[in-house]
Amino acid sequence: MKASAAPLLRRALPMLCALAAAVSTLPARAQADEARARKIANGVCFMCHGENGESTSEIFPRLAGQNAEYLAKQLRAFKSGERKSTAMAEMVAKLTDDEMVALGRYYEKMPTVREEAKDPQLALVGKYLYHNGNRFSGVPACASCHGADGHGAANLPRLSGQFAGYLFTQLKQFNKRQRTNDNVVMHTVAEKMTELEMAAVAEYLSSK
């Protein structure tokens with residue numbers, strides 16, 4: 001080693017050691033975060049959303065398989081009041097941002113639930129609308145944002161496998177501008193949809 005390189009190495013060594021120590025603690029922290037998320041989920045969330053985020057009522061959304069980043073974003077919105085819900089505001093009031101992120105990752109790993117469409121003909125209408133939109137009224141294809149499989153993206157919700165009733169309620173809230181977050185695009189889309197179209201898309205996605 002050249003003598004000129006020795007001082008540089010001595011200065012860099014503490015930084016390298018600190019970086020190595022930080023990396024070595026990542027698995028332990030991930031386990032701790034998951035344990036904390038499981039404790040919160042089993043202590044509070046399960047009452048409405050089920051033991052594994054599967055939910056048993058269309059009033060409460062299924063969280064299993066939901067995109068982690070999107071779920072954490074919604075928890076922050078409930079806490080800040082950007083998304084209105086008296087019940088959820090109370091539930092998330094004491095959650096830290098790290099806990100919200102951990103809960104998102106926890107539920108994302110849970111197995112999803114798929115059910116057969118209760119109204120197959122309505123679901124067929126929804127399938128067409130989801131993938132093609134309605135050119136006569138200007139409703140765009142839902143798949144253009146949420147994906148052909150309905151799995152969404154990091155900042156967009158997974159819609160496939162969600163309760164039809166819950167999806168229908170959310171679309172109506174966007175339609176009436178009662179839901180006050182995620183509204184940049186959804187208000188414009190939902191305000192053009194009829195209730196039949198909302199119900200059809202919701203029915204299709206619930207069985208997907």
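Is lysine 73 buried, partly exposed or exposed? Lysine 73 is partly exposed, with a relative accessible area of 34%. Buried means under 20% relative accessible area, exposed means over 50%, and partly exposed lies in between (1.4 Å probe, protein chains only).

## About the model

This is a predicted model, in which local features need pLDDT of at least 70, side-chain atom pairs count only at pLDDT 80 or more, and totals for chains, interfaces and linings use all residues. Residues are numbered from 1 along each chain as its sequence is written, and side-chain values use heavy atoms, with hydrogens and water left out.

## Helix H3

Lysine 73 lies in helix H3, which covers residues 68-80. Helices are DSSP runs (H or I, at least four residues), numbered from the N terminus. H3 has 13 residues and reaches 19 Å from its first C-alpha to its last. That is close to the 18 Å expected at 1.5 Å a residue. The expected span is 1.5 Å times one less than the number of residues.

Buried residues of H3 are Ala68, Tyr70, Leu71, Ala72, Gln74, Leu75, Ala77 and Phe78. Their cover includes helix H4 (86-92) and helix H5 (97-108). Glycine 81 follows H3, and its phi is positive, near 90 degrees.

## Salt bridges

The structure holds eleven salt bridges. A salt bridge is a side-chain nitrogen of Lys or Arg within 4 Å of a carboxyl oxygen of Asp or Glu. One of them joins lysine 73 and aspartate 182 (2.9 Å, N to O). Aspartate 182 sits in the loop between H8 and H9, so this pair ties together parts that are 109 residues apart in sequence. Aspartate 182 also meets arginine 179 in a salt bridge (3.0 Å, N to O). Arginine 179 is buried, with a relative accessible area of 5%.

Glutamate 99 and arginine 36 form another salt bridge (2.8 Å, N to O). This pair links distant parts of the chain, 63 residues apart: glutamate 99 is in helix H5, and arginine 36 is in helix H2 (residues 26-49). Glutamate 99 is buried, at 12% relative accessible area. Arginine 36 is partly exposed, at 37%. Elsewhere, Glu34, Arg38 and Lys109 are linked in a network of salt bridges.

## H6 against H10

Two packed helices are described by the angle between their axes and the distance between the axes. Helix H6 (residues 120-132) packs on helix H10 (residues 195-206) at an angle of about 95 degrees, with the axes 7 Å apart. That makes H6 roughly perpendicular to H10, a term for angles of 65 to 115 degrees. Axes are lines fitted to C-alpha atoms, for helices over the stretch in contact, and angles run from 0 to 180 degrees between N-to-C directions.

Contact means heavy atoms within 4.5 Å. On the H6 side, the meeting residues include Leu122, Val125 and Tyr130. On the H10 side, they include Leu196, Val201 and Tyr204. The residues of this contact divide into eleven nonpolar, two polar and three charged. Ala, Val, Leu, Ile, Met, Phe, Trp, Tyr, Cys and Pro count as nonpolar, Asp, Glu, Lys and Arg as charged, and the others, Gly among them, as polar.

## H10 and the segment after it

H10 has twelve residues and reaches 16 Å, close to the 16 Å expected. Nine of the twelve are buried, so H10 is largely enclosed by the rest of the structure. The buried residues of H10 pack against H6, helix H8 (164-175) and helix H9 (183-190).

Serine 207 is found in the segment after H10. Serine 207 is buried, with a relative accessible area of 11%. Leaving aside neighbours within four places in sequence, serine 207 is in contact with Arg114, Glu115, Glu116 and Ala117.

How values were computed: Helix = DSSP H or I, 4+ residues; strand = E, 2+ residues; numbered from the N terminus. Parallel < 35°, antiparallel > 145°, perpendicular 65-115°, else oblique.
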